[in-house]
Each structure stands twice: as structure tokens, then as C-alpha cells.
Amino acid sequence: MADVLIIEDDATIRTALVRSLSARQHSTMTSPTALDGLQSLVAHRPDVVLMDLGLPDLDGSSLLAMIRSVSDVPVIVISARDEGAGIVALLDAGADDYLVKPFAADQLEARIRAVLRRAEPVRPVTAVTVGDLVIDTRTRSVTLAGEVLELSPKEFDLLAYLAERAGEVISKRELLANVWNQPYGGADKTVDVHLHWLRRKLGESAEAPRYVHRVRGVGVKLVAPA
Ligand code: CA
């Protein structure tokens, strides 16, 4: 189920497209010219654009460039049989797929599904694993070897910051700037105290570190125990 904008000057084809898309539960809007289509795109933000290559007011590559300047919407180009060379240029210019007339309604449906699938946002990574530590930034929960750790909000932020940069040496200044939002520095003690609490909850100490390692004169790093 998608909102489909059809930019097509041929009324017969337009009507046929609306009918077949509506039969597949899509909602449609139509434009007979490139410029009308652009206005409709900006006003209605469709999920997919079907764009005829032979429009009266603009050539396909100009229309595509204008679409791309305002939107990342998936664009499927519809062309006549003799426009093959233009298709390659349009795919290079950011069209997502194309169909050559005449095509079956099922083909169009398959193309629409495919471009919508590709347009789905990639889920950001939400869990970071370092050794037996699993830090879930979405639920703000931490487990160590399957056991839930009760961390304060700041301890969590500190651990998550280090875990996302596991193996890198992070200075206290960087931690103050990014975890405590004190870009101009502050009390180093704040970091030391939180590191101490964090270590205790991880079941380790500065003298016998496992995950949290001090790098003298530089900062601290989180690593998986050997
Ligand atoms: Ca046409």
C-alpha cells in the first residue's frame, strides 16, 4: 500500500495505471505534465513516483534532476520501446528502476515493491557487544555474561560511549565533553569517580582491570578481557 504519483501525459495510460494500482490497494495522484508533477510531489510527498519519459514540457533527465533536488523518493521511469539509451542515463542520474511500455500490472507491482523495500531505512545498530558485555542503547540496559547490571544514567552513558569506541583510548577531556557535556573541561575527578563506580559494577578494580583500562597520561579504554 503506497501513495503513488503518476506523471504521464497520455490520458489512456494514466487511467489504466490508476485503475491497476487502485485494484492493488495503492492510492494514486496523477499529473499530465512534468511541472505539475513536481508541484504534486512537493505538496503530497508520495511514496513512489512513476514518471513517463516522454512528457510535453520537460525531458526526462531534467525532470529527474528537479525531483532529486527536492526529494529522495523512489522513481520508476516508464519509457517507450525506442528510448533504451535514455534509460541508462536516467538510472545513472538517480532513477530507481524502469519499465518499458507495454508492461503487465504485475510487473509494475513487483517494481514498486522492490523500490519501496530498498527505500526502507536501515535500522540503526542499538546493541554493542564487548566481550560478555552487551549494551543496548535503545532500552538503556546492560548485561554482563547474561546478568543485568544496575547502572546510573551517567554510568550507562559513560559505558556506552566507551563501548561504541571499544579498543580506542579516550581522554578524560573527551569524556567530559561528550558524556558530561562540558566541552571546556571540568573536574577530572568526576570522570575518575564514575569510572571507579563503573568498575565496581563490572566486578573489577583499577588494580585488577578486565574491561576498563587506564592508559597513563592519555585516558581510558574499554576492551574485552583476554
Ligand atoms: Ca508520453
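Trainee: How much space lies in the largest pocket?

Mentor: This is a predicted model. The lining of the largest pocket counts 13 residues, and Asp192, Leu195, His196, Arg199 and Ala206 are the ones nearest its centre. The space in this pocket comes to about 220 Å³.

Trainee: Which element gives the most to the lining of the largest pocket?

Mentor: Two elements each give two or more residues to the lining, namely strand E11 (219–222) and helix H8 (188–201). With five residues, the most is given by H8.

Trainee: Which protein residues are donors of the calcium ion?

Mentor: Along the chain, the donors follow the spacing D-x42-D-x1-G. They lie 2.2 to 2.4 Å from the ion, and they are Asp9 (OD), Asp52 (OD) and Gly54 (O).

Trainee: Is Asp52 buried or exposed?

Mentor: The cut-off for buried is under 20% relative accessible area. Asp52 has 3% relative accessibility, so Asp52 is buried.

Trainee: What distance separates the end C-alpha atoms of helix H5?

Mentor: Helix H5 holds 15 residues, 105–119, and at 1.5 Å a residue these should span 21 Å. The model agrees with this, as the end C-alpha atoms are apart by 21 Å.

Trainee: What covers the buried residues of H5?

Mentor: The buried residues in H5 are Leu108, Glu109, Ile112, Ala114 and Val115. Their cover includes helix H1 (11–23) and the strands E1 (3–7), E3 (48–52), E4 (75–79) and E5 (97–100).

Trainee: How far apart do the C-alpha centres of domain 1 and domain 2 lie?

Mentor: The domain assignment gives 3–119 as domain 1 and 127–222 as domain 2. Between their C-alpha centres the distance is 50 Å.

Methods: Residues are numbered from 1 along each chain as its sequence is written. This is a predicted model: local features need pLDDT of at least 70, side-chain atom pairs count only at pLDDT 80 or more; totals for chains, interfaces and linings use all residues. Side-chain values use heavy atoms; hydrogens and water are left out. Helices (H or I, at least four residues) and strands (E, at least two) are DSSP runs, numbered from the N terminus. The expected span of a helix is 1.5 Å times one less than its number of residues. Buried means under 20% relative accessible area, exposed over 50%, partly exposed in between (1.4 Å probe, protein chains only). Contact means heavy atoms within 4.5 Å. Domain bounds come from an automatic or database domain assignment. Donors are N, O and S atoms within 2.8 Å of the metal (3.2 Å for Na, K and Ca); water is not among the atoms, so sites may look incomplete. On a 1 Å grid over the protein atoms alone, a cavity is a set of points where a 1.4 Å probe fits but cannot get out, and a pocket is an open set with protein on both sides within 12 Å along at least five of seven lines; lining residues have an atom within 4 Å of a point. Grid points are joined across faces, edges and corners, and a volume is the space filled by probe spheres set on the points.
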